[in-house]
Amino acid sequence: MFQFKKLLAGTSPLLAEGKKMVEKVNSLESAMQKLSDEELKAMTAKLKERLKAGEDLDALLPEAFALVREASVRTLGQRHFDVQIIGGYVLHKHAIAEMRTGEGKTLVATLPAYLNALTGKGVHIVTVNDYLSRRDAVWMGQIYNALGLSVGVINHESSYLYDASEGIEVPKEDDPLDEERDLVGSFKVIHEFLKPVSRREAYAADITFGTNNEYGFDYLRDNLEYDKANLRQREHHFAIVDEVDSILIDEARTPLIISGPAKEAEDLYKTFASIAVTLKVEEDYTVDEKLRAVIMTDKGIEKAEAKLGVGNIYAEGGVKYAHHLEAAVKAHALFIKDKDYVVKDGKIVIVDEFTGRLQPGRRWSEGLHQAIEAKEGVHIEKESQTYASVTFQNFFRMYEKVAGMTGTGATSEEEFRSVYNLDVVVIPTNKPIHRVDHDDLIFQTEEGKFSAIVKTVKEKHEKGQPVLIGTTSIEANERLAAALRASGIPHEMLNAKNHEREGEIIAQAGKKSGVTVATNMAGRGVDVKLGGNPSTNETYEDIKNVGGLFVIGTERHDARRIDNQLRGRAGRQGDPGETQFFVSLEDKLMRVFASDMVKSMMGRLGIPEDEPIQSKMVTRALESAQTKIEGVNFDSRKHVLGFDDVLNHQRTIIYQRRKQALLGDLEVLRLETEEHLRVAGVDLKVLEDKVSVLGDSLESVLRKTLLQAYDTFWIEHLDTMEHLRGSVNLRSYGGRDPFVEFRREGLKLFRELETSLSFFIAEAVSHFAEAPLHTHSVVPTVSLMGGKLGRNDRVTITNGQETKEMKFKKAEEYLAKGWTIVT
């Protein structure tokens, strides 16, 4: 009932509570100003003592926030606005603060981060890329350092600590480096403030900055370790997610996977890539752009069979040939170079569709990545086998408390509430908004659209008004840059190929006559200040007088949030600004959803292809299409989450047992082993007998055995569950719910895993001291007549009286009882 009333009210009660909190924080300001730097730092220890004495964080909040505000004034020269205090309160209360671009979200995070770090359990601040995690740690690190807290950074291949007490050479006040940081710290990383350390040390800091990928992968890596000294993370206490919609929604369809090579890549990829090139769309296959799928026609299948020299692709090649054909055609028809991926250093690197960033190390699954490698003629990597995986939804649900910040969260409020139990609270702006959002301009062709964009940019450039152009792909980015070059318009280009300089390029996008062409990545993290950054009053007023920043969108994105993020670059902190989207009937969104109606209307009106129409009806149609796509994507993410919830329950059980085996002492290890012996029906005396044989080495042998068994069986189980997931979808044709089938069979498979695991451990214990144990995880196999048997291979076993045929994993319990494999 409470949530229903709140929905009707339209505003969250947290907003009213936050306003009351502002009064309390403001009342402490003069007292904080009187404290010396040493006394300010000493206040942290006093607050920690009060926390230990039984006070809760809510009671400490006004003083903690007032301390952070004062430290910020002394170090950064920036005082938190009252609306930023409200934002900090909302984050502490486990909610999402929606704050407009330029309202200072980075500074807001310092308030709840400091307060929650007082518990000593650590706070994780999650950013969208490595660059922002380093920037924020250096820029905001001085506030935490002034209050006596340590700051760590986790990056893809390195980790750092910003901590003066560790002996790092932090530049002193009046040092040129400190002055440079105060001026350009919002977009440039001053690396002198970072000291390389181990990941474990970075996680041990009071506050740790890093990307969602690194936090998630380190969690998985920790659950593959064999030595507790190598563990990286502590418990998952409090996460503040910056750009929360990008991380918890846009990236939530892609699970994090750690994998290893499974088998050699075959020549089949090259063979099918050459076949795919000869097939014609509509004639040999059809493309469904909405579902990103291809459907082979009978003619296309016959053509492939002729090329392969087989009579029936399904009968002679089995599912394998059909799967390879589909992957090759998909790679050819749906995945476009410089849009979905780039070829870099002889490798296929995925481009994130939401941010335009390169995703090195990520690979498409189910043979698609190999099919694209074959298409581009680069080295085909081995197919991989999953060792560990987790979705972002289930990873972030492990934290005791999660909060988030974004400029565009309200359109996804339902998903945040239903999946993460997070409310979205819209924080008022510090100053009124003066941005003008023009209606979309609609063109018949993409060519006409690009001509009009160049013409508009030329006009604004000559007038002195800065222009920021956002594109949805690297290909469009480079085409537009070439058109601007041909027209003699100087510009900066920013895409995933040169994102190292992204902060500096975007920060200067507000300079007089500046033209910046950027992919979606430009929309995140860095402020565009009028007149450049840093700017003078004179340059600021000059740009203000010509209308502020003019933002151009070259097409509508699937999600309204991404469009709104781009619009939000203009009109920060009450500045003037304008935004305009240029749309053509050849754009993906129009082509799939709205084109026929608009095309017939433009045809009737006889409008030339390079002449636009402005129509509220078309803009509404586009926004309606975006809402539909958002709904489809939400359903897709719910679908992924539903399946992963089944696996997550199993993952939690296995990882919990694994953690006990890794961190437990001999007593814990013996209890765990005895439990497995009971399940397998083996006398506990077997273990007692081994105590006298192994002596002091029993603890390490038990630990290695348990860890190896958990890893071996879990890896195999992941593979089985992946195949099950593919097969249950076909059962929908028989009127059965795939999810119910997956849950039922997944439970059955997990029970089988637990039984097999216990028999395997019982067998291993009975053979202790007979052979050395290896510490790396391997899939259990048994040598037979020069070949290898995996757990899913069928075997014939006998006890001398009767014979049975079954999968090897099922046969293990019989083998443990003395049955033998018939060779």
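These legends describe close-up views of a predicted model.

**View 1. The largest nonpolar core has 75 residues.** L220, L248, F396 and F416 have the most contacts inside this core. Helix α28, residues 698–728, gives the core its largest share, 13 residues. Two domains each supply at least three residues: domain 1 (13–257 + 393–426) and domain 4 (631–767).

**View 2. Contacts of F396, a residue of the largest nonpolar core.** Neighbours within four places in sequence are left aside here. Beyond them, F396 is in contact with V126, N212, A239, V241, I247, L248 and V402. One of these partners, L248, is itself among the residues with the most contacts inside the core.

**View 3. Helix α6, residues 82–92, is mostly covered.** Of its 11 residues, 10 are buried. The buried residues are V83, Q84, I85, I86, G87, G88, Y89, V90, L91 and H92. H94 follows α6. The phi of H94 is positive, near 65 degrees.

**View 4. Three strands form an open sheet in the order β11-β12-β13.** The pairing is antiparallel. β11 (341–344) and β13 (358–359) stand at the edges. Each edge strand has a single partner, so one of its sides is left without a neighbour in the sheet. Strands of a sheet pair through backbone hydrogen bonds.

**View 5. β11 pairs with β12, residues 347–351, through four bridges.** The two strands run antiparallel. Y341 has I350 in β12 as its bridge partner.

**View 6. Helix α16, residues 368–376, lies across β11 and β12.** The helix runs at about 120 degrees to β12.

**View 7. Helix α26, residues 666–679, crosses helix α29, residues 738–766.** Their axes come within 8 Å and cross at roughly 110 degrees. The range of 65 to 115 degrees counts as roughly perpendicular, so α26 is roughly perpendicular to α29. On the α26 side, the meeting residues are T673, H676, L677 and V679. On the α29 side, they are L757, S758, I761, A762 and V765.

Notes: Residues numbered from 1 in each chain as written. Predicted model: local features only at pLDDT ≥ 70, side-chain atom pairs only at ≥ 80, totals over all residues. Heavy atoms only, no water. Core = buried A, V, L, I, M, F, W, Y, C linked by side-chain atoms within 4.5 Å. Buried < 20%, exposed > 50% of the residue type's maximum accessible area, 1.4 Å probe, protein only. Domains from an automatic or database assignment. Contact = heavy atoms within 4.5 Å. Pairing = 2+ DSSP bridges. Axes fitted to C-alpha atoms, helices over the stretch in contact; angles between N-to-C directions. Parallel < 35°, antiparallel > 145°, perpendicular 65-115°, else oblique.
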